[in-house]
Amino acid sequence: MKNSELKNLGLQEMELKEMTSIEGGALIGGDPTAFLGGLLGAVLGTVTAVAGDAGTFVNKTLANVLKLIMMQ
């Protein structure tokens, strides 16, 4: 959107210093370590869950393949 379009919507430009000094203008209260900690925690949780699911899938697949081989 162009600046003129944003101004028609009642929005105004702000500098970075203004955004961090206004309540709600910074990422997670303005504390970068809290933001990074939350982000890394979420990523780690997701990776752990995916790895666990992948491990379960591989184990079940190998068990089924071994059963199939033993039947012949």
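User: How many helices and strands does the chain have?
Analyst: This is a predicted model, in which local features need pLDDT of at least 70, side-chain atom pairs count only at pLDDT 80 or more, and totals for chains, interfaces and linings use all residues. Residues are numbered from 1 along each chain as its sequence is written, and side-chain values use heavy atoms, with hydrogens and water left out. With helices (H or I, at least four residues) and strands (E, at least two) taken as DSSP runs numbered from the N terminus, the elements run α-α-α, and the count is three helices and zero strands.

User: Which element has the highest mean pLDDT?
Analyst: On pLDDT, the predictor's confidence in each residue from 0 to 100, the chain averages 79, and 68% of the residues score at least 70. Helix α1 (residues 3-8) has the lowest mean among the elements, 67, whereas the highest, 91, belongs to α3.

User: Is Val43 buried, partly exposed or exposed?
Analyst: Val43 lies in helix α3 (residues 32-71). Buried means under 20% relative accessible area and exposed over 50%, with partly exposed in between (1.4 Å probe, protein chains only). Because its relative accessibility is 44%, Val43 counts as partly exposed.
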